[in-house]
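Please consult the sequence and the model shown below while reading.

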Amino acid sequence: MNTKLIEKATELRNKGLTTGEIADELNISKDTTNWLVMQMTPVSKQKNKNKTRPDDFAINWKSIGSSSSRMRDISSALADYALEEGVPDTIVGISVSGVPFATIIADILDAELSVFHPVKHMKNEDSAQGTISNNFATLKNKTIFIVDDVITSGSTIKNAIEVCKAHGGNPVAACVLVDKKGLNDIDDVAVKSLIKINKVG
């Protein structure tokens with residue numbers, strides 16, 4: 001595992017980010033995040049000596065995120081691809097990294113915007129459900145596209161689907177830049193990804 005990735009995870013932890021926030025920032029799983037952070041402390045190193053590192057891929061899309069024109073181009077491609085599932089009323093961006101894509105997609109498709117805060121960003125990570133922000137569009141009786149940057153395990157999108165349905169919405173597509181699980185759907189909601197990573201072997 002990359003030493004720089006270990007250092008970055010530890011730096012983010014020292015800044016006070018939760019495991020979920022670090023995982024989101026580095027586009028890795030929470031298990032991988034825990035493993036990375038433990039590599040920097042001697043006690044943890046000894047304790048976890050026999051543990052193998054989690055099987056994961058770190059995704060860095062900073063070259064896209066640092067450019068508004070690239071963000072718009074990628075968002076346009078995601079919107080076009082997702083339209084195969086119909087025209088949405090509302091775009092739900094998963095905080096933090098899915099929100100910029102969702103905002104641009106909502107603008108392109110002339111749809112409303114809503115924001116989902118996942119469990120992994122909450123201080124109490126034992127919460128069962130994420131939450132929909134009250135500052136954006138409501139979801140009742142709306143056809144919904146859920147947008148995030150990367151699917152690592154699928155649990156965040158799955159929870160977003162459940163919460164959207166609980167709010168009376170009808171999620172029809174989950175749109176992501178990269179899908180590390182190689183999923184076609186989650187709970188009968190189509191997964192539309194520009195890049196799908198499938199492990200061989």
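Contact here means heavy atoms within 4.5 Å. Axes are lines fitted to C-alpha atoms, for helices over the stretch in contact, and angles run from 0 to 180 degrees between N-to-C directions. Helices (H or I, at least four residues) and strands (E, at least two) are DSSP runs, numbered from the N terminus.

The model is predicted: local features need pLDDT of at least 70, side-chain atom pairs count only at pLDDT 80 or more, and totals for chains, interfaces and linings use all residues. Residues are numbered from 1 along each chain as its sequence is written, and side-chain values use heavy atoms, with hydrogens and water left out.

**Sheet architecture**
- Seven strands form an open sheet of mixed pairing, in the order β3-β2-β1-β4-β5-β7-β6; two strands pair if DSSP finds at least two bridges between them.
- The edge strands, β3 (131-132) and β6 (185-186), each pair on one side only.
- Strands of a sheet pair through backbone hydrogen bonds, either parallel or antiparallel.

**Helices on the sheet**
- Helix α7 (residues 98-109) packs on the sheet and touches β1 (90-94), β2 (112-117), β4 and β5; the direction of α7 makes about 165° with that of β1.
- Helix α8 lies across β1, β2, β3, β4, β5, β6 and β7, and runs at about 160° to β4.
- Together, β4, α8 (residues 155-166) and β5 make a right-handed β-α-β unit; right-handed means that, with the strands pointing away from the viewer, the path from the first strand over the helix to the second runs clockwise.

**Strand β5 and its partners**
- Strand β5 (residues 170-179) is largely enclosed by the rest of the structure, because nine of its 10 residues are buried; buried means under 20% relative accessible area, exposed over 50%, and partly exposed in between (1.4 Å probe, protein chains only).
- On one pairing, β5 runs parallel to strand β4 (residues 143-151), joined by eight bridges, and V147 stands opposite C175 of β5.
- In another, β5 and strand β7 (residues 189-196) pair in the parallel sense over six bridges.
- The bridge partners in β7 include V191 for A174 and I195 for V178.

**Cysteines**
- The structure holds zero disulfides, a disulfide being a pair of cysteine sulfur atoms within 2.5 Å.
- C164 is buried at a relative accessible area of 0%, and C175 is buried at 1%.

**Residue K8**
- K8 is found in helix α1 (residues 3-14) and is partly exposed, at 31% relative accessibility.
- The C-alpha atoms of K8 and V37 are separated by 9.0 Å, although these residues are 29 residues apart along the chain.
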